[in-house]
Amino acid sequence: MHTERNHDRYFSSELLNWYDVNKRDLPWRRSRDPYHIWVSEIMLQQTRVDTVIPYFHRFIERFPTIEALADAPEDDVLKCWEGLGYYSRARNLQSAARQITEQYGGVMPSGKEEVAGLKGVGPYTAGAIRSIAFNIPAAAVDGNVMRVLSRYFLIEDDIMKIKTRTRMEELVLTLVPEGRASDFTQALMELGALICTPKSPKCLVCPVMEHCAGRLEGKEESLPVKTKAKPPRPEHRLAAIVEGTGVHEGKILIRKRPASGLLAGMWELPHIDVPSETVMVPTKAVADPSMAIAVSPKAVEERPEVTAVPSEAVVVPPENAAAVIRLTDGLLAEGVPVRPIGHYMDAEHTFSHIQWKMSVYRCVWQEEPESLSGLQAAERAAVYEAEETNDFRWIGAGDMERYAFPNVFIRILTSYFSKRDAAGSR
């Protein structure tokens, strides 16, 4: 490990000189308001700066103070966060705002223990808030910082290990120039984001290249050392676009996710988890009548776009039968009696630990719930009877602004409403 003291001073001074001239004009840098810095740091977790900027502006405009965030309905917070992903960040942010309001009178604390005790604030975020907002020497070691330190000081330890992070946090504290903790923290991040990038680092324009031990050893491309994370676990799901009839003509059914767990409190299309072998890729176009299964004559009369489906039962291709039966019976057991009438699209979405592989089917509401597999219908199968409840809503395209959806369902719903509107205008 390369830690000669004169080189340490060189690193800090040259880095700050470069930052003073080259730092980006980012909205959260225009203020030392701890609230703004805190919100930006939470948003920037797992998300690119260019993506965060419009969300930051919108969020601060909607919730200008910690108290405003604390008092807002959770649905409003999630809707404002919609599209950023990792929605637990938004819920934790609001929980922490309530902590600050109740415990600190709505003023962001600066103490190490107090900041670290806020919901959703880990060691990195705590260090970033304290150093950037309060100019306190505190280590904020994220992926960018670890990459810079690994290369400059030739640290070849696995950065996924806690002891390596701890070592780097201790190193950072020895590098902070007196009185410039805020700028130094941001300069480290900036260097990692703009110059010392994961691939093809721009060494020739790096302000500290002269004494970069990693470059001098020819290891800048191989550092940092990082254990590969496990690939996300695939989960196969069948989803339903349930098309309304009668008073719900032109609308589709959505449901609210549970109050805890993945994507808590957000809205989605009804869907079920299924074994991978159940999901097959359709071999025919959506408009092909043979893709449909038995639809009641009444449903056909009420849905002009499916008049090509004969009133008698149509046998689905074998490769789709298992999926259709699973979807019908699975949703029937959850109180959503539907009948699939055709495959609409496939979609994927990757979370940090799982990947949803989703097959989406257009469906109609079953006036008389029936199990395709012949199994006894669940007792709650007809509970909703196409009516709205706290967990279910019928919505049109114009209603999407009122509900917060995960990205994968935004894509599906936007596609569906756009195609339907285009077909209707012809």
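Leaving aside residues up to four places away in sequence, Ser-12 touches Leu-175, Pro-177 and Phe-184, where contact means heavy atoms within 4.5 Å. The model is predicted: local features need pLDDT of at least 70, side-chain atom pairs count only at pLDDT 80 or more, and totals for chains, interfaces and linings use all residues. Residues are numbered from 1 along each chain as its sequence is written, and side-chain values use heavy atoms, with hydrogens and water left out.

**Ser-12**
- Ser-12 lies in helix H1, residues 5-22 (helices are DSSP runs of H or I with at least four residues, numbered from the N terminus).
- Ser-12 has a relative accessible area of 5%, so Ser-12 is buried (under 20% relative accessible area, 1.4 Å probe, protein chains only).

**Helices H2 and H3**
- H2 (residues 34-44) packs against H3 (residues 49-62) at an angle of about 140°, and their axes are 10 Å apart (axes are lines fitted to C-alpha atoms over the stretch in contact, with angles from 0 to 180 degrees between N-to-C directions).

**Aromatic rings**
- The structure holds 13 aromatic pairs (ring centres of Phe, Tyr or Trp, its six-membered ring, within 6.5 Å).
- The rings of Phe-351 and Trp-356 have centres 5.1 Å apart and planes at 75°, so this pair is edge-to-face (planes over 60 degrees apart).
- Phe-351 and Trp-356 are both buried.
- One aromatic cluster is formed by Phe-11, Tyr-152 and Phe-153.

Terms used. Helices (H or I, at least four residues) and strands (E, at least two) are DSSP runs, numbered from the N terminus. Buried means under 20% relative accessible area, exposed over 50%, partly exposed in between (1.4 Å probe, protein chains only). Rings of Phe, Tyr and Trp (its six-membered ring) pair if their centres lie within 6.5 Å; planes under 30 degrees apart count as stacked, over 60 as edge-to-face and the rest as tilted.
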